[in-house]
Amino acid sequence: SDYIKIHLKNETIVTRETISSIEAKLPKKFFIRIHRSFIVSVSNITSYTNDTVIVNDKELTISRSYKKEVLQILETY
């Protein structure tokens with residue numbers, strides 16, 4: 001439902017908020033939404049392809065609806 005997990009370097013926080021409300025609070029300069037279920041810190045992306053990003057050795061899928069915007073941001077970063 002409206003529970004999300006926020007993964008920090010040393011801990012994971014579970015909160016009862018929507019991902020959209022969290023996204024609105026984060027600075028767009030440093031965070032990017034790559035999927036309806038994922039927002040990532042741009043500085044923690046170690047590599048990417050047209051379909052995925054690698055964050056802390058985890059491969060996350062870039063969804064089709066976010067792909068164009070994500071790739072534009074990553075190419076200029």
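Visitor: What share of the contacts with a separation of 6 or more in the protein chain comes from residues 24 or more positions apart?

Guide: A contact means heavy atoms within 4.5 Å. Residues 24 or more positions apart account for 21% of the contacts with a separation of 6 or more in the protein chain. This is a predicted model, where local features need pLDDT of at least 70, side-chain atom pairs count only at pLDDT 80 or more, and totals for chains, interfaces and linings use all residues. Residues are numbered from 1 along each chain as its sequence is written, and side-chain values use heavy atoms, with hydrogens and water left out.

Visitor: Which pattern does the protein chain follow along the sequence?

Guide: Helices (H or I, at least four residues) and strands (E, at least two) are DSSP runs, numbered from the N terminus. The pattern here is β-β-α-β-β-β-β-β-α. That makes two helices and seven strands.

Visitor: How does the radius of gyration of the protein chain agree with a compact globule?

Guide: The radius is taken over C-alpha atoms, and the globule rule is 2.2 Å times the number of residues to the power 0.38. For 77 residues, a compact globule would have a radius of gyration near 11 Å; the protein chain has 12 Å, which agrees. The C-alpha trace spans about 30 × 25 × 20 Å along its principal axes.

Visitor: How many of the 77 residues count as buried, in percent?

Guide: Buried means under 20% relative accessible area, exposed over 50%, and partly exposed in between (1.4 Å probe, protein chains only). Here 27% of the 77 residues count as buried.

Visitor: Which residues of the largest nonpolar core touch the most other members?

Guide: In soluble globular proteins, nonpolar side chains tend to be buried together. A nonpolar core is a set of buried Ala, Val, Leu, Ile, Met, Phe, Trp, Tyr and Cys residues joined through side-chain atoms within 4.5 Å. The largest one has 13 residues, and Ile32, Ile34, Val40, Ile45, Val53 and Val70 touch the most other members. Strand 3 (31-35), strand 6 (52-55) and helix 2 (64-76) each give two or more residues to this core. Helix 2 gives the most, with four.

Visitor: What does Ile34 touch?

Guide: Leave out residues up to four places away in sequence. Ile34 then touches Val40, Val53, Leu60, Thr61, Ile62, Ser63, Tyr66 and Val70.

Visitor: Is Leu74 buried or exposed?

Guide: Leu74 is buried, with a relative accessible area of 8%. Leu74 is found in helix 2. Not counting residues up to four places away in sequence, Leu74 touches Val42, Ile45, Tyr48 and Val53. Tyr48 is 26 residues from Leu74 along the chain, and their C-alpha atoms are separated by 8.4 Å.

Visitor: Is Thr15 buried or exposed?

Guide: Thr15 counts as buried, at 19% relative accessibility. Thr15 is placed in strand 2 (residues 12-16). Among the residues that Thr15 touches are Asp2, Tyr3, Ile4 and Ile6, not counting residues up to four places away in sequence.

Visitor: Where does Asn56 lie?

Guide: Asn56 lies in the loop between strand 6 and strand 7 (58-61). The place of Asp57 is in the loop between strand 6 and strand 7.

Visitor: What phi does Asn56 have?

Guide: Most residues other than glycine have a negative phi. Asn56 has a positive phi of about 50 degrees although it is not a glycine. Asp57, not a glycine either, has a positive phi of about 65 degrees. Asn56 counts as exposed at 51% relative accessibility, and Asp57 counts as exposed at 77%.
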